[in-house]
Amino acid sequence: MASPHTASGTSLPKWQIAAIALGATGALGLGYWYFKHSSKSKGGTLKGTDKSVSLDETNEESTVPATPLEEAQHYKNQGNSYFRKGKYDEAIKYYNKAIEACPEESTIDLATFYQNRAAAYEQLKKWSAVISDCTKALEYNEKYEKALNRRAKAYEITKDWENCLDDITAVCLMQNFQDQKSLFMADRVLKELGKMHAAEAIKTRKPTLASKQFIKTYFASFPNDPVYQKLLEVDPPLGEGEVKGFLRAKLAFAIENFDDVIPACTEEINNSESESPYIVESLSLRGTFYVLSGLFTEALADLKTIIEAKDTAVTIKVNALIKRGSLYLQLDNSEQCLNDFNTAAELGPEISDVYHHRGQVYLLSDKTEAAREDFEKAVKLNPDFAIAVVQKSYANYRYALVAQDAGMLVEAMASFKNATKRFPNCSEAFVLYAQVLTERQDYEEAEALYVKAVEIEPKNASILVHRGVLQLQWKADIDKAIDLMKAAIEIDNKCEFAYETLGTVEVQRGNLIIAIDYFNKAIELARTEMEMTHLFSLRDAAVSQLKITTKLGIGP
């Protein structure tokens, strides 16, 4: 299932690559990096505040106030007393008196009074008043962490995601990204803001066909695809004017003129049935290129036509079910995704592609045991399909880690090495093995495997990005990492993975303007709303950090 959620056709998701390279704390702290389990982070709906830490206190006085400031402090302390008793309306009355009595030049004290009153309003769930009082407190003390945090919570409850992000970003910066509650809150808000921006952007998104390398990798992951097999067949020379419709699409595919595939297939489909021998093949090929262009509504329509047609060959129908199932996963519909894969398995129990691609779905869903079973079936049915063989090794490796089975772990590592020997021309085998070795901190051997993968497939830009990530973890060599990632873009200017990773590195370097530009370029290449959500979250984090560091003079 080569999809935008995998890197270079491998089964390892980009979040996992980033986690390996950058480390969870650094990624969350500096880039709010979205990990696979960010949606499972604790800290959902806010229930209110802990009264024991909601207020700023001063020592209770035992004498009659002698100055206006002492009088104000006296009122504040009375307000705090009522607050602790849960008498919030009474507390507010005394905070009002404190504010009225306090000299204007006592800015820190005024900030405290407003913040304490905001705490009382928070208990009464008067969110607009909370925001107003915290804003007033911040006018007197712009780096007042408690007021920023309280206002952020109110903004979150009122779904003002952008302002909420700015406030919680300021809090995280002041805390040097050490407080987990603040980080989880930032994570939640970034996810919501990313969803909002992605929903807006997807409406006006211009269709963009994937890079040539990605297209070739995608098709290579379907060895049982009868249409792909037909595309690879060598036809006898055709006379002038004979290359139309599906044959025109086939020629366009052969010479990598991929932009002409959809128009050529449409030409074939628009012919009458009696004149068109390749209707189903054209629907399949056009539907596939719609997927690769991010035109998912159109893709679903073509694939549905194939699936529901009574006279469609089983192999083509199964292939359509696999592709539609994979597309549903990209559209965040896992239930329909698995329904299609299960139907495909019923129709074509001997077709290895079903189990290979469903195995990847299970891996991405942390269903490692199910993934192992499917990869075992895929390899049994097609033992010479290198990608399935190495992904079976990867599934066994992940299972061994979870089960803490040392014997199985040794076997899995040995199977990786055997795969590189058995399939010396399969870059996927070297890349996936290198990723596992990187995870195990065997950096030198991982680098050697990446170098070999580049030799095998020099136009695969994603491999250079992986090498760059390795340089970061292995030697903290940022300059070399960036050079490799920029070289990836020179090879393939549609390598979204390179732009995203460069953006993340630049965030860590504090080059936020450059990072935002890279994230914007990645967003332009994104093909799904889910993918856009992730990228907007990264960009929004950088934008917010830029605003706050500039406004408050706090270094990232």
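Is Ala476 buried or exposed?

First, some housekeeping. This is a predicted model, where local features need pLDDT of at least 70 and side-chain atom pairs count only at pLDDT 80 or more, while totals for chains, interfaces and linings use all residues. Residues are numbered from 1 along each chain as its sequence is written, and side-chain values use heavy atoms, with hydrogens and water left out.

Now the overall picture. The protein chain has 28 helices and 0 strands; helices here are DSSP runs of H or I with at least four residues, strands are E runs of at least two, and numbering goes from the N terminus. Of its 556 residues, 55% are buried, where buried means under 20% relative accessible area, exposed means over 50%, and partly exposed is in between, with a 1.4 Å probe and protein chains only.

Let's look at two helix pairs. The axes of α7 (residues 145-157) and α8 (residues 161-174) come within 8 Å and cross at roughly 150°; axes are lines fitted to C-alpha atoms over the stretch in contact, and angles run from 0 to 180 degrees between N-to-C directions. That makes α7 roughly antiparallel to α8, a term for angles over 145 degrees. Among the α7 residues that meet α8 are Leu148, Ala152 and Tyr155, and their partners in α8 include Trp161, Ile168 and Met174. Contact means heavy atoms within 4.5 Å. The residues of this α7 and α8 contact divide into 9 nonpolar, 2 polar and 4 charged.

The second pair is α18 (residues 352-364) with α19 (residues 368-381), whose axes come within 8 Å and cross at roughly 160°. So α18 is roughly antiparallel to α19. On the α18 side, the residues in contact include Tyr355, His356 and Arg358, and on the α19 side they include Asp374, Phe375 and Lys377.

Most residues other than glycine have a negative phi. Phe177, in the loop between α8 and α9 (180-204), has a positive phi of about 60° although it is not a glycine. At 7% relative accessibility, Phe177 counts as buried.

And here is Ala476 again, in the loop between α24 (461-475) and α25 (478-491). Its phi is also positive, near 55°. As for our opening question, Ala476 is exposed, with a relative accessible area of 57%.

Note on methods: Parallel < 35°, antiparallel > 145°, perpendicular 65-115°, else oblique. Nonpolar A, V, L, I, M, F, W, Y, C, P; charged D, E, K, R; others polar.
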